[in-house]
Amino acid sequence: MADLFAYTDGACSGNPGPGGWGALLIARDGDTVVRTRELNGGEADTTNNRMELMAAISALEALTRPTSLTIVTDSAYVKGGITQWMAGWKRNGWKTSSKSAVKNEDLWRRLDAAHAQHKVRWEWVKGHAGHPENERADELARTGMAPYKPARNRSA
């Protein structure tokens, strides 16, 4: 049986500004890659954190049946939110410990719903540190962002 990994990343040109997300799904049988799937998208006016969330959401929503997988992200925000903070937010009516509204609540709720369908293990990796799958997820995110960038800025 193959192990499934989803490598996710978000990108933004300006924060807020045009942004993109990318997800690389890889099924492995031991060291052998059995199957890969690449996903990406973007928005004209967004933030990096929203794109990081969209990458994880999109990876989970792409799965057609309950699955065990490892999501590898370079976003401490996403990993911390889903593994440490969300239970408290939900208990507090989607308020932080300081009683302010949770930022990006719409996407956190969507991630929560998608996450509930699967058995997920979360891993964090340092971004832009030469991790091949994370670098590919970053490329996918930048490709997803490209249509939303003004023509003069598309190379950045």
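**View 1. The largest pocket of the predicted model.** This pocket holds about 580 Å³ of space. Its lining counts 21 residues. Closest to the pocket centre are Leu4, Arg35, Leu63, Arg65 and Thr67. Strands S1, S2, S3 and S4 (68-73) each give two or more residues to the lining. By class, the lining has eleven nonpolar, five polar and five charged residues. Rolling a probe the size of a water molecule over the atoms shows where empty space is left.

**View 2. The five-stranded sheet.** The sheet is open, and its strands run in the order S3-S2-S1-S4-S5. Pairing within the sheet is mixed. S3 and S5 (119-124) are the edge strands, and each pairs on one side only. On average, neighbouring strands are turned by 20° against each other, direction ignored. Strands of a sheet pair through backbone hydrogen bonds, either parallel or antiparallel.

**View 3. S1 beside S2, with helix H4 on the sheet.** Strand S1 covers residues 3-12 and pairs with S2 in the antiparallel sense. Ten bridges join S1 and S2. Thr8 stands opposite Ala23 of S2. Helix H4 (residues 132-145) packs on the sheet. H4 touches S1, S2 and S3. The direction of H4 makes about 140° with that of S2.

**View 4. The hairpin of S2 and S3.** Strand S2 spans residues 17-29, and strand S3 spans residues 32-46. The two strands pair in the antiparallel sense over twelve bridges.

**View 5. Helix H2 against helix H3.** H2 covers residues 76-91, and H3 covers residues 105-116. Their axes come within 11 Å and cross at roughly 95°. Angles of 65 to 115 degrees count as roughly perpendicular, so H2 is roughly perpendicular to H3. From H2, the contact uses Tyr77, Val78, Gly81, Ile82, Met86, Trp89 and Lys90. From H3, it uses Trp108, Leu111, Asp112 and His115. The residues of this contact divide into seven nonpolar, two polar and two charged.

Key:
Residues are numbered from 1 along each chain as its sequence is written. This is a predicted model: local features need pLDDT of at least 70, side-chain atom pairs count only at pLDDT 80 or more; totals for chains, interfaces and linings use all residues. Side-chain values use heavy atoms; hydrogens and water are left out. Two strands pair if DSSP finds at least two bridges between them. Helices (H or I, at least four residues) and strands (E, at least two) are DSSP runs, numbered from the N terminus. Axes are lines fitted to C-alpha atoms, for helices over the stretch in contact, and angles run from 0 to 180 degrees between N-to-C directions. Contact means heavy atoms within 4.5 Å. Angles under 35 degrees count as roughly parallel, over 145 as roughly antiparallel, 65 to 115 as roughly perpendicular and the rest as oblique. Ala, Val, Leu, Ile, Met, Phe, Trp, Tyr, Cys and Pro count as nonpolar, Asp, Glu, Lys and Arg as charged, and the others, Gly among them, as polar. On a 1 Å grid over the protein atoms alone, a cavity is a set of points where a 1.4 Å probe fits but cannot get out, and a pocket is an open set with protein on both sides within 12 Å along at least five of seven lines; lining residues have an atom within 4 Å of a point. Grid points are joined across faces, edges and corners, and a volume is the space filled by probe spheres set on the points.
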